[in-house]
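Biologist: I would like a close look at a single part of this model, with its side-chain contacts described in plain terms. Please start with the aromatic residues and then go on to the charged pairs.

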Amino acid sequence: MRVETTTRNIYTWAELNDEQQEKAIEKLWDLNVDYDWWDGVYEDASSVGLTISGFDLGRAMKCDVELDWSGLDVANKILELHGPNCDTYKSAEKYVARYMAAQIDISNDLIDDSMDEDMDDDFRKELSDNYFHTLQNEYDYLTSREAIIESIESNEYEFDESGSLI
């Protein structure tokens with residue numbers, strides 16, 4: 001029987017040179033998105049009365065959102081939970097203003113009942129766009145150089161001399 005022992009050098013992130021680090025980043029581009037990374041966005045939507053049934057950041061560039069509650073209830077929950085700089089907050093403010101104006105028109109018999117449905121559908125479409133952009137921004141961040149390096153460092157990954165994860 002013959003026994004061989006090989007020795008290899010193991011490097012921390014900080015010990016890799018610039019070229020090795022670049023190779024590591026290229027190899028680990030999907031490090032932060034190889035799981036259900038969108039769960040937090042889905043949970044956020046659920047907390048304000050929405051269901052995201054799917055999304056496509058690629059060719060279709062869409063996010064499928066349904067209102068679980070009335071448009072007004074969803075808007076009020078968004079105003080309660082989301083900050084004023086958030087796109088969903090701005091959409092909710094706009095919806096509430098339109099809704100209140102429509103209630104005045106209803107009391108004056110200026111519109112028909114289908115307007116509420118149209119407003120809710122427009123609001124749903126706008127929230128679909130808002131959540132699409134949220135998902136796109138989250139994906140872009142998670143696949144960014146900054147986020148990949150942060151994950152490598154916080155998990156104390158080790159590499160071989162080619163920049164491959166061990």
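Biologist: Which residues form one aromatic cluster?

Modeller: The model is predicted. Its aromatic cluster is made up of Trp-37, Trp-38, Tyr-42, Phe-55 and Tyr-139. Over the whole structure, the search finds eight aromatic pairs. One of the pairs is formed by Trp-37 and Tyr-139, with 5.6 Å centre to centre and 50° between the planes. That angle makes the pair tilted, because stacked rings need planes under 30 degrees apart and edge-to-face rings need over 60. Trp-37 sits in the loop between H1 and helix H2 (39-47), whereas Tyr-139 belongs to helix H5, so this contact ties together parts that are 102 residues apart in sequence. The two partners fall into separate accessibility classes: Trp-37 is buried, at 9% relative accessibility, while Tyr-139 is partly exposed, at 24%. The cut-off for buried is under 20%.

The charged pairs come next. Nine salt bridges are found in a search of the whole structure. Among them is the contact between Arg-98 and Asp-122, whose closest N and O atoms are 3.8 Å apart. This pair links distant parts of the chain, with Arg-98 in helix H4 (residues 87-107) and Asp-122 in helix H5 (residues 114-142), 24 residues apart. Both ends are partly exposed: Arg-98 has a relative accessible area of 36%, and Asp-122 has 37%.

In the first, the side chains of Lys-23 and Glu-19 meet at 3.3 Å, N to O. These residues are four apart in helix H1 (residues 18-27), so about one helical turn separates them. Lys-23 is partly exposed, with a relative accessible area of 37%, whereas Glu-19 is exposed, at 53%.

In the other, Glu-80 and Lys-77 form a salt bridge of 3.5 Å, N to O. Both lie in helix H3 (residues 71-81), three residues apart, about one turn of the helix. Glu-80 counts as exposed, with 55% relative accessibility, and Lys-77 is partly exposed, with a relative accessible area of 25%.

Terms used. Residues numbered from 1 in each chain as written. Predicted model: local features only at pLDDT ≥ 70, side-chain atom pairs only at ≥ 80, totals over all residues. Heavy atoms only, no water. Salt bridge = Lys/Arg side-chain N within 4 Å of Asp/Glu carboxyl O. Helix = DSSP H or I, 4+ residues; strand = E, 2+ residues; numbered from the N terminus. Buried < 20%, exposed > 50% of the residue type's maximum accessible area, 1.4 Å probe, protein only. Phe/Tyr/Trp six-rings, centres within 6.5 Å; stacked < 30°, edge-to-face > 60°.
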